[in-house]
Amino acid sequence: MTRVTIAKGDGIGPEIMDATIAILQAANAPIAFDEIKIGKQEYEAGFTSGIRPEAWDTIAKNKIFLKAPITTPSGGGYKSLNVTLRKTLGLYANVRPCNTFHPFVKTLHPDMDLVIIRENEEDLYAGIEHQQTPEVTQCLKLITRPGCEKIIRYAFEYARANKRKKVTCFTKDNIMKITDGLFHKIFKEIAPEYPDIESDQYIVDIGAARIADTPERFDVVVMPNLYGDIISDITGQISGSVGLAGSSNIGMNYAMFEAIHGSAPDIAGQNIANPSGLLQGAVLMLQHLGMGDVAEKVQNALLVTIEEGIHTADIYSESLSNKKVGTKEFGEAVIANLGKKPHHFPEAKLAGGKALVIPEPKRQPEMKRDLMGVDVFVYWPGKNPNEIGDKLRDLGTGDLQLDMITNRGVKVYPNGFDETFCTDHWRCRFKSHTPVTFDQIIALLQKCHDNGVDVIKTEHLYYFDNQPGFSMGQGQ
Ligand code: NAD
């Protein structure tokens, strides 16, 4: 018996989890379930992370977690438990397969059959945010080489293991040349290791438009966290209903399985929610556990139930459905169909599968690193860039001289445009032609402070192996 941690979560969570567990038990899945409590009631009981220490122990012991959706209370300083779980357990890959149930469930895209592979730990979800001045806030976007390597290799290994033909990469590296540029660069490094899999790349904006318009053109699509969050909801919705798709969150040691939708408080407690999303999450879990035969049995029973027109309210239509049923009754219909094969849909063939194992990413060797200057961020409520520019120009020492000032990334000094709107947050770049020392930077900052310049933060400018590791100013 494999022990799996389960949490019934909030809203419709208990209803869809009960239906899912009943199906897994009726299919004789060799699994024992350990239930933990997470979410709203735990937040309200004073556990600001939404989970008690004892529950972490159960998750750590079992390593596999089937989770119903939870409600994240807004405001009050509560952090999303979903993000905490993914990051604490190192669940770097969020895998969201999106296919349709055409012609039994309405969709504009009958032929779509794609998988979004979303990086799950980094990007803007590092959660490092600051208010820096009365007018300006900031969120750090972190993209790391090991993070990119893990998710991109996972995407190619997933494609190979699942007999998929192509992996597409979405980035915005025409704008974010260093962060998204790293993701794209590593994609180009890894793709040639998989000559049997086609690869291509889109800028995320046109890529997202194409996915919404012609999703059937895509196969496996890998992308950084935020784009993946947004685009996988779009693909879930256009496949028929957000209530249908399941997802897996995969790490080196842990894995968590869930539906892609949330706790749907608007329909909670009414026995009308569709349990298929969580059930398909459970099918992914069975495959991960090497229980492909049970996964196949459950998936085929789900396909037969949908073919029979036994539908929950979210996918029910007068013309396509035979019977509108509740959550519990839908689950009972799936149980009654265990052992049957679909007539219209291709039969699910999941037996013999096993968990994907990705090697630990290589650590980057030491690089030659030269400190070539510093960006000094300054709070100054004035309006005329020349005023602050002329003051700072006199503060440079030796080779370390004021190069430019930007406001919201646009160069405003020297020779800015009068029309450029300026906030109270100025990035003042001091650069040298030869490497400088940390002491020179400290001396510069001291001089700024002594002259009444309100320094709010600094960012060092490094060359790595003689290449600049920082972007130019817009308009520079
Ligand atoms: P939601 O996905 O819960 O609901 C969006 C809409 O889809 C609602 O109209 C809902 O009734 C419908 N819907 C969702 N699942 C359905 C199902 N299985 N069957 C039928 N209809 C279904 O999104 P939301 O309303 O934006 O979020 C509600 C809460 O869920 C929020 O607190 C949010 O933070 C949380 N959430 C949790 C997770 C998670 O636990 N993984 C994911 C997303 C949102």
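Analyst: Note that this is a predicted model. We can start with D439, which sits in helix α13, residues 438-450.

User: Why is D439 called exposed?

Analyst: The relative accessibility of D439 is 60%. Exposed means over 50%. D439 is therefore exposed.

User: How far is D439 from N174?

Analyst: Their C-alpha atoms are separated by 36 Å. Along the chain, D439 and N174 are 265 residues apart.

User: Now T168. Where is T168 found, and why does T168 count as buried?

Analyst: T168 belongs to strand β8, residues 166-171. Its relative accessibility is 0%. Buried means under 20%, so T168 counts as buried.

User: Which residues does T168 touch?

Analyst: Leaving out residues up to four places away in sequence, T168 touches F187, D200, Y202, F218, V220, V221 and V222. A contact here means heavy atoms within 4.5 Å.

User: On to helix α11. Which residues of α11 are buried?

Analyst: Helix α11 covers residues 327-336. Its buried residues are T327, F330, G331, A333 and V334.

User: How do you know that the buried residues of α11 line one face?

Analyst: Look down the axis of α11: the buried residues fall within an arc of 160°, so they line one face of the helix. The general rule behind such patterns is that an α-helix has 3.6 residues a turn, so residues three or four places apart point the same way.

User: What covers the buried residues of α11, and which exposed residues does the face turned away carry?

Analyst: The cover includes α1 (13-26), α9 (276-288), α10 (292-307) and β13 (310-311). The face turned away from the buried side carries K328 and A336, both exposed.

User: Last, the ligand. How many residues surround the ligand, and which are the closest?

Analyst: The ligand is surrounded by 20 residues. The closest are I70, G262, A264, D266 and N274. By type, the shell divides into eight nonpolar, eight polar and four charged residues.

User: How much of the ligand does the protein cover?

Analyst: On its own, the ligand has 820 Å² of accessible area, and the protein covers 67% of that.

Notes: Residues are numbered from 1 along each chain as its sequence is written. This is a predicted model: local features need pLDDT of at least 70, side-chain atom pairs count only at pLDDT 80 or more; totals for chains, interfaces and linings use all residues. Side-chain values use heavy atoms; hydrogens and water are left out. Buried means under 20% relative accessible area, exposed over 50%, partly exposed in between (1.4 Å probe, protein chains only). Helices (H or I, at least four residues) and strands (E, at least two) are DSSP runs, numbered from the N terminus. The arc is that of the directions from the helix axis to the C-beta atoms. A residue is near a molecule or strand if one of its heavy atoms lies within 4 Å of it. Accessible areas come from the Shrake-Rupley method with a 1.4 Å probe; for residues, only the protein chains shown count as cover. Ala, Val, Leu, Ile, Met, Phe, Trp, Tyr, Cys and Pro count as nonpolar, Asp, Glu, Lys and Arg as charged, and the others, Gly among them, as polar.
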